[in-house]
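The sequence and the model are shown first.

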Amino acid sequence: MLEIPESYNIALQLDQTIKGRVIRKVLANSSPHRFAFYFGDPDSYEGLLSEKTVGEARAVAGFVEIEAGDARILFNDGVNIRYYPAGEPVPVKNQLHIEFADSSSIVCTVQMYGGLLVYHEGENDNQYYLIAKEKPSPLAGEFDEGYFMQMLNGVKQTISVKAFLATEQRIPGLGNGVLQDILFNAGINPRTRLIKLTEDEKSNLFKSVKQTLAQMTAQGGRDTEKDIFGRSGGYKTIMSNKKLSQPCPVCGGAVVKQAYLGGNVYFCPACQPVKN
């Protein structure tokens, strides 16, 4: 899933790889997917993008946005974006295929659900996108401890730490995936209620948000996700399905997987005891 580390690195790769190329052909929704979401009619995408020159690609929280003349291409959630050089076969089944004048392509497929949106600049009024553009990224200096504490103290203190960090778009792009290592590094259980956190734990949580996301981003994203060349990210996740069979790297105890708030959480009961 596209979260902050992946959107940042994929946007950087796209900027380095396809910027300046001219779009020759666009095929959208050739393999219909129930949870592939488009902006308006996907059949209009070719008219919007054909003969446009690709401009800057940028990360907007968990979104990847690409300029193409007066149009914008926006990807989010479970969209897998792959680059294929000229002459390399592309997958037949896909939800979006953009071919360039040099015969190279980017091909997008949807995992569980995801948005593949093409529209004129200024047309997209989706609230999640607009909120993501407005709020500071944890990778930026504006996201400091004062900002974090104001946000934390401004919500009901009876909600859990997971609910605070990964719901309601409080921190756009911070989802259930990156949450696991953030909480492990802070030594906090995802079910712990905010009211039970000490001031030191709140400060440690802020530092873990900043440091863990910075590390994930600097290492090219998580090893559970892939870049535009199909390579896994360089950041080795600590708490994920990939590491579930391995002991906790700190205490050697068993890692637990539980369903919670619409997704699975992974934690070490000894290092992250729940405080409720």
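## Loop and backbone angles

Gln-169 lies in the loop between α5 (161–166) and α6 (176–186); helices (H or I, at least four residues) and strands (E, at least two) are DSSP runs, numbered from the N terminus. The model is predicted, so local features need pLDDT of at least 70 and side-chain atom pairs count only at pLDDT 80 or more, while totals for chains, interfaces and linings use all residues. Residues are numbered from 1 along each chain as its sequence is written, and side-chain values use heavy atoms, with hydrogens and water left out.

The phi of Gln-169 is near 55°, a positive value in a residue other than glycine. Most residues other than glycine have a negative phi. Gln-169 is partly exposed, with a relative accessible area of 23%; buried means under 20% relative accessible area, exposed over 50%, and partly exposed in between (1.4 Å probe, protein chains only).

Asp-77 also has a positive phi, near 55°. Asp-77 is found in strand β5 and counts as partly exposed at 29% relative accessibility.

## Pairing of strand β7

Two strands pair if DSSP finds at least two bridges between them. Strand β7 (residues 105–120) is joined to β2 (residues 36–38), to β5 (residues 71–84) and to β6 (residues 96–100). The table gives the sense and the bridges for each partner, with one pair of opposite residues.

| Partner of β7 | Sense | Bridges | Opposite residues |
|---|---|---|---|
| β2 | parallel | 3 bridges | Phe-37 and Gly-115 |
| β5 | antiparallel | 13 bridges | Ile-81 and Cys-108 |
| β6 | antiparallel | 4 bridges | Glu-99 and Ser-105 |

The hairpin of β6 and β7 has 4 residues between the strands, and in this hairpin Ser-103 takes a positive phi near 75°.

## Cavity

How many cavities of 30 Å³ or more does the structure hold? There is 1. A cavity is a set of points, on a 1 Å grid over the protein atoms alone, where a 1.4 Å probe fits but cannot get out; lining residues have an atom within 4 Å of a point. Grid points are joined across faces, edges and corners, and a volume is the space filled by probe spheres set on the points.

The largest cavity contains about 70 Å³ of space. Its lining has 14 residues, and Glu-6, Gly-220, Gly-221, Lys-226 and Asp-227 lie nearest the centre. The lining divides into 2 nonpolar, 6 polar and 6 charged residues. Here Ala, Val, Leu, Ile, Met, Phe, Trp, Tyr, Cys and Pro count as nonpolar, Asp, Glu, Lys and Arg as charged, and the others, Gly among them, as polar.

## Cysteines

A disulfide is a pair of cysteine sulfur atoms within 2.5 Å, and by this rule the count comes to 0. Cys-248 is in no disulfide, and the nearest cysteine sulfur, that of Cys-271, is 3.7 Å away. Cys-248 is buried, with a relative accessible area of 3%. Cys-268 is likewise in no disulfide, with the sulfur of Cys-251 as the nearest cysteine sulfur at 3.5 Å. The relative accessible area of Cys-268 is 1%, and this residue is buried.

## A buried threonine

Thr-217 has its place in helix α7 (residues 199–218) and counts as buried at 7% relative accessibility. Which residues does Thr-217 contact, leaving aside its neighbours within four places in sequence? They are Ile-4, Pro-5, Tyr-8, Asn-9 and Leu-139, where contact means heavy atoms within 4.5 Å.

Terms used: On a 1 Å grid over the protein atoms alone, a cavity is a set of points where a 1.4 Å probe fits but cannot get out, and a pocket is an open set with protein on both sides within 12 Å along at least five of seven lines; lining residues have an atom within 4 Å of a point.
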